[in-house]
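The tour goes from one selection to the next.

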Amino acid sequence: MAAGLKTIIALSFVLAIGFLLVILSSALWHRYWPLLVVGIYVVAPLPNWICQRCANPDDFMDSSSNSAMDFGRFMTGFLVLTGIALPIVLAHSGAIEIPAMIMSIIGGLLIYGTIISFSMFFQEQEEF
């Protein structure tokens, strides 16, 4: 129980740092476009989760194909890449500053990494 509590505290600390970086990248320069990164990284694990549930609808038959899982991984990768590329495009177009771009990318990766770490540490094992 103590290891679970320590893990939750560490993950929440990293998540808070990620949100702080993204919010500061928006608030320091009074341009709030980098906040879109938070939405992208929060939505990024959803296709993988949904397609994992759809890949094997029956516990007794293992004849389903992996096309649903491949599509979920593709969409998750697309969203993660979008979360990295969006601040770069915004900085290139002049909508945000370069330091805001760096803070937004680092903060977004911390947010996504925390979500993935939480799902890896606290997933339930299936028993038959």
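What follows is a short tour of this predicted model, from the whole chain down to single residues.

**Stop 1: the whole chain**

Select everything and colour by secondary structure. The chain has 5 helices and 0 strands, so that its pattern along the sequence reads α-α-α-α-α. Of the 128 residues, 27% count as buried. Next, consider contacts between residues at least 6 apart in sequence: 72% of them join residues at least 24 apart.

**Stop 2: helix 2 and helix 3**

Select residues 36-43, which are helix 2, and residues 45-55, which are helix 3. Two packed helices are described by the angle between their axes and by the distance between those axes. Here the angle is about 15° and the axes are 5 Å apart. Angles under 35 degrees count as roughly parallel, and therefore helix 2 and helix 3 are roughly parallel to each other.

Which residues of helix 2 and helix 3 meet? Show the side chains of Tyr41, Val42 and Val43 in helix 2, and of Pro45, Leu46 and Pro47 in helix 3; these are in contact. The residues of this contact divide into 6 nonpolar, no polar and no charged.

**Stop 3: the aromatic pair**

The structure holds 1 aromatic pair, and Tyr41 and Tyr112 form it. The ring centres are 5.9 Å apart, with 40° between the planes, and the pair is classed as tilted. Where in the chain do Tyr41 and Tyr112 sit? Tyr41 is in helix 2, whereas Tyr112 is in helix 5, residues 98-121. The two are 71 residues apart, and the pair thus links distant parts of the chain.

Are these two residues buried or exposed? A residue counts as buried if its relative accessible area is under 20%. Tyr41 has 0% relative accessibility, so it is buried. Tyr112 has 17%, so it counts as buried too.

**Stop 4: Ser104**

Stay in helix 5 and select Ser104, which is also part of this helix. Ser104 counts as buried because its relative accessibility is 0%. Which residues is Ser104 in contact with, leaving aside its neighbours within four places in sequence? Display Val22, Ser25, Pro34, Val37 and Pro87: these are the contacts of Ser104.

Notes. Residues numbered from 1 in each chain as written. Predicted model: local features only at pLDDT ≥ 70, side-chain atom pairs only at ≥ 80, totals over all residues. Heavy atoms only, no water. Axes fitted to C-alpha atoms, helices over the stretch in contact; angles between N-to-C directions. Helix = DSSP H or I, 4+ residues; strand = E, 2+ residues; numbered from the N terminus. Parallel < 35°, antiparallel > 145°, perpendicular 65-115°, else oblique. Contact = heavy atoms within 4.5 Å. Nonpolar A, V, L, I, M, F, W, Y, C, P; charged D, E, K, R; others polar. Phe/Tyr/Trp six-rings, centres within 6.5 Å; stacked < 30°, edge-to-face > 60°. Buried < 20%, exposed > 50% of the residue type's maximum accessible area, 1.4 Å probe, protein only.
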